[in-house]
Amino acid sequence: MTCAIVTGGAGFIGSHLCEALLAQGYRVVCLDDLSTGLARNIAHLDGHPRFAFIRADVVCESAWTSLSAATRVFHLASPASPDDYQRTPVETIRTNVVGIFNALEFARTHTARLLLTSTSEVYGDPAVHPQPESYWGNVNPVGPRSCYDEGKRCAEALAMAHARQHGTAVRVARLFNTYGPRLRPDDGRVVSQFIVHALRGEPLPLYGNGSQTRSFCYVGDIVRGLLALMNQDRTTGPVNLGNPHEITIAALAHEVLRLTGTTAGLQVQPERTDDPRRRQPDIQLAQRLLQWRPEVGLQEGLGATIEWFRAHRAEEFPLQAEEVKQTDARGQLDGLPVP
Ligand SMILES: NC(=O)c1ccc[n+]([C@@H]2O[C@H](COP(=O)([O-])OP(=O)(O)OC[C@H]3O[C@@H](n4cnc5c(N)ncnc54)[C@H](O)[C@@H]3O)[C@@H](O)[C@H]2O)c1
C-alpha cells in the first residue's frame with residue numbers, strides 16, 4: 001500500500017481526490033489549514049482506517065517535517081476562487097511560492113512524485129486561442145489577480161527548477177474551470193454563484209455583457225486526469241486538464257436558469273478588472289500522453305451539481321462548519337498501516 005499526501009485535501013477538488021485515492025487503496029494524508037476548504041468536505045472520511053487529517057499550513061516547515069514517508073504528493077493547497085485569493089493576496093503568494101518549495105523539498109527527501117495543480121490563469125487574458133501548453137500567456141503582473149496568477153507561475157517555475165537541478169519527479173497540471181458537488185456556495189465562483197442565486201429565486205449576477213467565455217470541466221473528470229498524470233512515468237512540463245467545450249457566461253446563466261426552473265432572470269453588473277475574455281484548453285497533449293479526455297457533458301454535470309446544492313440546502317449558506325477530528329501528526333500516522 002502506498003501513501004499519498006493531498007495538500008488542500010479538504011477543498012473542493014482535494015476532497016474528491018482523497019476519496020478517489022482511498023478507493024484505489026492508498027493510505028491518504030490530507031494536509032489542510034481549512035482557510036478556504038471545509039471540514040464537512042471530509043467529515044465522511046473521518047474514522048476511515050487509511051485516512052488521516054492534519055490541520056496545518058503548507059507554508060510552515062514543521063507541517064512537513066512531522067509527516068511520515070509518502071510516495072505521492074498531490075499539492076493542491078491554494079485559494080482558488082478570485083474572491084478568496086483577492087481577500088488575502090499576500091498569503092496567496094506565500095502559499096503558492098513557499099508552499100510548493102516545502103512540498104518539493106519533501107518530495108526530494110522522500111523520493112516521492114509531486115503533482116502541482118497549476119491553473120489556466122497562467123495564460124492570463126490569452127492572445128492565443130485555444131490555449132496550448134506552449135503558449136506563455138498574457139498576465140498582468142501587478143493587477144488584482146496577479147497574486148494568484150504570478151504565484152502559480154512561480155510555483156511552476158520552482159517545480160521545473162527542482163526537476164532540472166535535483167531530478168525531483170514532478171508533474172504539473174494546468175486546470176481550467178472546474179465545477180461540481182462541494183463547490184463552496186459562498187466562494188463567488190461563477191457556477192456556485194449562479195446556482196445559489198437561482199435556488200434562492202434571485203436574478204443571476206452577470207458581470208459585463210456575459211460574452212466572455214469559459215470552458216467548464218466536471219470535477220470527476222479532473223480527478224481522473226490528475227491520477228492519470230501522476231501515474232504516467234515521466235517528469236513532464238505542464239499538461240492542460242479541462243473541458244474544451246467553450247460557452248459564454250450568459251449562455252451558462254441561461255442553462256442554470258433552465259435546469260433549476262427559475263424565472264428570476266439576470267442582473268447586469270460592472271465588468272470585473274482583468275477578467276479574461278476567453279478561455280478554452282487545448283487538450284491534445286493530455287489526450288496523447290494520458291489517453292484522457294473529459295466524459296461528463298455540461299448538462300449532466302450541472303444537473304448533478306444543482307442536485308447536490310439542493311440536497312445540502314446550499315442556498316441557505318453560511319452552513320454550520322462541522323468539526324473533523326485532526327490526526328495527531330506523528331502518533332496516529334505511525335499507527336497507520338505501512339506500505
Ligand atoms: N476549481 C478550479 O476551477 C481550479 C482551476 C484551476 C486550478 N485550480 C487549483 O486546484 C487546487 C484546488 O482548488 P479548489 O477549487 O479545490 O479550491 P479550494 O479553495 O476549494 O481548495 C483549496 C484548499 O487548500 C487549502 N489551503 C489553502 N491555503 C493553504 C495553506 N497555506 N496550507 C494548507 N492548506 C491550504 C484550503 O483550505 C482548501 O481546502 C488549487 O491549487 C487551485 O489553484 C482549481
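This is a predicted model: local features need pLDDT of at least 70, side-chain atom pairs count only at pLDDT 80 or more; totals for chains, interfaces and linings use all residues.

Analyst: Happy to. Residues are numbered from 1 along each chain as its sequence is written, and side-chain values use heavy atoms, with hydrogens and water left out.

A polar backbone atom of Gly11 is 3.0 Å from an oxygen atom of the ligand, and a nitrogen atom of the ligand lies 3.2 Å from a backbone N or O atom of Asp33. In total, 29 residues surround the ligand, where near means that a heavy atom of the residue lies within 4 Å of the molecule or strand. The closest of them are Asp32, Thr36, Leu76, Tyr148 and Arg189.

Now to the helices, which, like strands, are DSSP runs numbered from the N terminus (helices H or I, at least four residues; strands E, at least two). Helix α1 (residues 12-23) packs on helix α7 (residues 219-231) at about 60 degrees, with the axes 10 Å apart. Axes here are lines fitted to C-alpha atoms, for helices over the stretch in contact, and angles run from 0 to 180 degrees between N-to-C directions. The α1 and α7 pair is therefore oblique; under 35 degrees counts as roughly parallel, over 145 as roughly antiparallel, 65 to 115 as roughly perpendicular and the rest as oblique. From α1, Phe12, Ile13, His16, Leu17, Ala20 and Leu21 take part, and from α7, Val219, Ile222, Val223, Leu226 and Leu227, with contact meaning heavy atoms within 4.5 Å. By class that gives 10 nonpolar, 1 polar and no charged residues, counting Ala, Val, Leu, Ile, Met, Phe, Trp, Tyr, Cys and Pro as nonpolar, Asp, Glu, Lys and Arg as charged, and the others, Gly among them, as polar.

Helix α8 (residues 249-260) has two packing partners to look at. With helix α6 (residues 190-200), the angle is about 40 degrees and the axes are 10 Å apart, so α6 and α8 are oblique to each other. Val190, Val191, Phe194, Ile195, Ala198 and Leu199 of α6 meet Ile249, Leu252, Ala253, Val256 and Thr260 of α8. This contact has 10 nonpolar, 1 polar and no charged residues.

With helix α10 (residues 298-311), α8 packs at about 60 degrees, again with axes 10 Å apart. Here α8 supplies Leu252, Glu255, Val256, Arg258, Leu259 and Thr260, which meet Leu298, Gln299, Leu302, Gly303, Ile306 and Arg310 of α10. The class count for α8 with α10 is 6 nonpolar, 3 polar and 3 charged residues.

The His129 to Pro130 peptide bond is cis, with omega near -10 degrees, and Pro130 sits in the loop between β5 (113-119) and α5 (146-166). Asp274 has phi near 60 degrees, a positive value in a residue other than glycine.

Methods: A polar contact is a pair of N or O atoms within 3.5 Å; within protein, one must be able to donate a hydrogen and the other to accept it, and residues adjacent in sequence count only if both atoms are side-chain atoms.
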